[in-house]
Every structure is written in C-alpha cells, then in structure tokens.
Amino acid sequence: MHPRDQTIFALSSGRPPSAIALVRVSGPQAGKLVTALAGKLPSPRMATRALLHDVGQRPIDDAVVLWFPGPASATGEDVAEFHVHGGRAVLDALFTTLSAFENVRPAEPGEFTRRGFENGKLDLTEAEGLDDLIHADTDRQRRQALRQLKGLLGDRARDWRARIIEASALIEAGIDFSDEGDVPAELIAPALAKVEVLSAEIEEVLAEQGRSERLRDGLVVAIAGPPNVGKSTLMNQLARREVAIVSPHAGTTRDVIEVQLDLDGYPVTVIDTAGIRKTDDPVEQEGVRRARARATDADLVLWLSDSPGVAIDHDGDAPVWSVRNKIDLEQIGRPLADASGQGVFQISASRGDGLPELIAALVGFAQNYFGGGEGGLISRTRQRLLLQETAVSLRRCVQVVGRGEELAAEELRMAAHSLGRLLGRVDVEDILDVIFREFCVGK
C-alpha cells in the first residue's frame with residue numbers, strides 16, 4: 001500500500017506530561033480504529049466520552065473521542081481525535097495499540113497538512129501561512145500568518161489566474177479566427193487591457209513585498225563595542241532576564257549570545273558580541289572575528305562605549321547608533337536620546353537610566369524597518385519569486401504581441417503556470433517535501 005493510502009496518527013498537542021493530550025488519526029481506517037478502541041463510532045463532530053481499550057481489551061484511559069468523516073474534515077479524509085490524559089504511559093499505550101493495526105503508522109512532520117493540501121482543503125500559500133502561525137513569536141507575526149491562512153494571497157492569486165486565463169482565451173480566439181478580417185484586433189485589444197491592469201496590480205504587490213517578508217524573519221540588532229563597556233548588562237536589561245554573564249573582567253563574552261524579543265509586536269533578535277579589540281588570545285580572537293561578522297550582517301548596530309569620543313570600529317552597511325553607557329558614574333543628569341533616533345544615546349545599563357528612550361527609539365526603527373509589513377501579501381521568498389515570474393511574463397506579453405499573437409499567448413500561459421505553482425496546483429512536487437517537513441509532527 002502506498003504511504004499516502006495508509007492511516008496515520010500523531011500527538012497533535014504539547015510535549016508530555018500534560019493535563020490533556022490530543023492524538024489525531026487520519027486515513028481510511030480511522031473509523032475502524034475508533035470502533036476498536038472506543039467500542040463504537042460516535043456521532044460526527046460530537047464529543048463523546050469513552051473508555052479506550054487496547055487489542056487485548058485492557059483499559060488504556062477514560063477519554064473524549066471525536067469523529068470527523070471525510071471529506072468534511074481538516075485533511076479531507078476520515079479523521080478521529082482522542083483526547084486523553086497527557087501522561088507518557090497513557091500515550092505510549094495508545095500509540096502501541098494504534099501501531100498494532102495493519103497499515104497504520106506514525107505520521108511524518110507536516111503530513112496531516114500535506115494531506116489536506118492534496119485533498120484541496122487548502123492551497124500552498126495557506127499551508128505556508130499555517131506553518132508561519134505555528135512558529136509566530138509576536139502578535140504582528142501571528143496576525144500576518146493568520147491572514148495568509150485565511151487565503152489573503154491565495155484568493156488574490158486565484159483571481160489573477162482566472163483573469164489571465166480570460167485574456168489568454170481572447171488571444172487564442174484571435175489566433176483561431178485570424179482569417180476573419182478585423183476579428184483578431186477586436187479580441188486582442190481587450191485582452192491586452194486586462195493584462196496591463198493585472199500587471200499593474202501584481203507590480204504594486206511586489207513593491208510592498210520586502211516588508212512582509214522581513215516581518216516573518218525579524219529584525220537583527222547587534223550590540224557591539226570594546227570590552228567591558230556593559231554590552232552584556234544592556235543585553236540583560238533588554239531581555240529582562242540574565243541571559244549573558246556580567247563580569248568586571250574584560251573579554252568575558254567570547255561567543256555570540258542571542259535573545260528573541262517582542263518589541264511592540266515586532267520580532268527582534270538582539271545579539272551580544274565579544275568585545276572588539278586586538279588580543280593575542282586565540283579564543284578571544286575567534287570571538288572578535290565572530291562579533292565583527294555578526295555585526296556586519298545585522299540590520300542595526302548599537303555601538304556601546306563608556307566614555308565620550310570613542311571611535312566606532314564597524315565596517316558594515318547597517319545603521320550604527322552610538323550608545324554611551326555608565327553615565328551614572330559621571331553624575332550626569334537625566335540622559336537624553338536624539339529625537340531622530342540616529343544620534344548618541346546616553347544610558348546607564350546597570351541603573352536603567354535612558355533605557356526607555358533607547359527602547360522607544362528601537363520600536364520606532366522597527367516600525368520604519370517593517371513599514372507596517374504585517375498587511376503585505378507576500379511572506380516568503382518562494383512566493384515573491386513566482387509573482388516576479390508572473391509579472392515578467394505579463395510584461396513580455398504586451399511587448400511581443402506586435403510580433404505575433406502566438407508569442408503573447410505563450411507568455412500568458414507561462415504567467416498562469418507561475419500562479420498555479422504559487423498555489424501548489426501544478427509542477428510543485430519538488431518543493432512540497434521541503435515545505436511540509438518544516439511542520440511539527442501531528443500537524
């Protein structure tokens with residue numbers, strides 16, 4: 001039997017032990033399994049309490065069972081859910097019992113979602129949105145992923161593809177009736193008008209693409225500077241917990257330390273790096289090399305110093321903010337940050353002076369960086385590249401129509417094909433494994 005025809009099961013809730021665990025089953029034998037374990041098949045979509053038994057009729061657990069006959073289910077197949085107590089022994093007994101049935105096996109990562117995709121329950125953009133929703137760390141990421149899951153891009157792509165096919169049909173008709181005098185011109189003109197409108201719409205979406213892609217990946221901020229200026233202390237203050245070792249001895253931080261932050265819903269990765277200086281210690285030299293590399297790749301660098309006039313030793317293209325630390329030792333009054341967010345910030349990382357201004361400036365930088373990207377249509381490189389292919393084909397269609405309607409028709413076919421690949425309906429078998437294996441098991 002082909003693996004896709006087998007019945008699969010997996011834990012679809014959190015890691016045990018837990019109060020309740022959800023075990024999902026999908027496939028042609030789902031109903032048989034429910035009957036064998038619970039003694040009867042519950043009414044569809046109605047939670048039913050049942051004492052589950054193994055193949056030897058020994059009790060497993062007092063559980064709640066749900067039954068979703070296909071195709072009205074998440075995967076389009078017969079689906080069952082066992083809501084059991086989340087102890088490891090309970091789950092082991094349940095998994096052992098399910099595995100004892102022929103052609104029943106544990107699910108691969110993302111296999112439930114893939115079956116839903118293959119059975120037309122969601123397109124590829126919605127599947128990607130589901131994956132993004134599972135991995136969302138901030139509220140803005142969650143909202144963007146939820147819009148993708150609800151078909152934000154997929155619905156637009158289906159509409160674009162239908163309109164391309166309409167334009168293609170007009171041009172094809174012009175080719176078929178080329179001996180009818182003025183008929184081709186009457187058909188091709190409205191077709192080109194449709195293509196130009198479509199091209200403008202897709203180009204507008206592509207112009208906004210970077211923002212939504214960046215929201216998915218997040219903003220990277222590197223804290224860099226000489227040794228013993230308070231980089232680790234600032235890192236701990238931003239993280240609001242002890243993530244880096246603080247020591248009065250220079251060179252304590254040898255490796256790159258990262259922490260994920262949620263700044264007003266924006267995902268930000270803050271990096272604490274080794275102090276940048278010349279040293280004969282080979283371990284510290286490697287730390288300095290890594291610090292320079294990560295600062296070069298960052299989207300924003302906070303160059304920390306503890307005295308005025310310290311030169312910034314950074315060669316990357318990212319913006320660099322000069323942050324002067326330890327002002328509490330100089331008995332300076334309340335620190336002020338440049339209102340533009342681009343000048344010198346004066347803080348005391350240990351006492352907290354100036355941190356609200358610095359954090360507010362970071363939030364403002366994130367707002368400008370993401371540009372409200374949560375409302376964008378595109379969240380992945382794959383989606384952007386396929387929309388770019390579509391836009392190129394539409395532009396070529398307008399350009400080549402004077403050299404022959406056949407060339408224009410071929411460009412429209414290529415545009416429709418690119419949108420079909422975006423939705424996952426044509427020629428995407430080579431990327432499905434890559435996409436769905438990123439899912440967690442049981443989803």
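Which residues does the UniProt annotation "binding site" cover? According to that record, an unreviewed entry, the two are Ser232 and Thr253. Everything that follows comes from a predicted model. Serine 232 sits in helix α9, which spans residues 231-239. Its relative accessible area comes to 9%, so Ser232 counts as buried, the cut-off being under 20%.

Now for the sheet. Six strands make up an open sheet, and reading across it gives the order β8-β9-β7-β10-β11-β12, with mixed pairing. The edges are taken by β8 (257-263) and β12 (344-346), each of which pairs on one side only. On average, neighbouring strands of this sheet are turned by 25 degrees against each other, with direction ignored. Helix α11, made of residues 355-370, packs on the sheet and touches β7 (219-224), β8, β9 (266-272), β10, β11 and β12. Compared with the direction of β11, that of helix α11 makes an angle of about 175 degrees.

Seven of its seven residues are buried, so β9 is largely enclosed by the rest of the structure. In a regular strand, side chains alternate between the two faces of the sheet. As for β9 itself, Tyr266, Val268, Val270 and Asp272 point one way, while Pro267, Thr269 and Ile271 point the other way, and all of them are buried.

What about the partners of β9? With β8 the strand runs antiparallel, and seven bridges join the two. Here isoleucine 257 has aspartate 272 of β9 as its bridge partner. The β8 and β9 hairpin leaves two residues between the strands, and aspartate 264 in that hairpin takes a positive phi near 55 degrees. With β7, by contrast, β9 pairs in the parallel sense, over five bridges. Aspartate 272 turns up again in this pairing, standing opposite isoleucine 223. Put together, Asp272 of β9 is the bridge partner of isoleucine 257 and also stands opposite isoleucine 223, and Asp272 is itself buried.

Further along the sheet order, strand β10 (residues 300-305) and strand β11 (residues 320-324) pair in the parallel sense, again over five bridges. Within this pair, leucine 304 stands opposite valine 323 of β11. Both β10 and β11 are among the strands touched by helix α11.

How values were computed. Residues are numbered from 1 along each chain as its sequence is written. This is a predicted model: local features need pLDDT of at least 70, side-chain atom pairs count only at pLDDT 80 or more; totals for chains, interfaces and linings use all residues. Side-chain values use heavy atoms; hydrogens and water are left out. UniProt positions are given in the numbering used here, feature names are shortened, and annotations may be inferred rather than shown by experiment. Helices (H or I, at least four residues) and strands (E, at least two) are DSSP runs, numbered from the N terminus. Buried means under 20% relative accessible area, exposed over 50%, partly exposed in between (1.4 Å probe, protein chains only). Two strands pair if DSSP finds at least two bridges between them. Axes are lines fitted to C-alpha atoms, for helices over the stretch in contact, and angles run from 0 to 180 degrees between N-to-C directions. Contact means heavy atoms within 4.5 Å.
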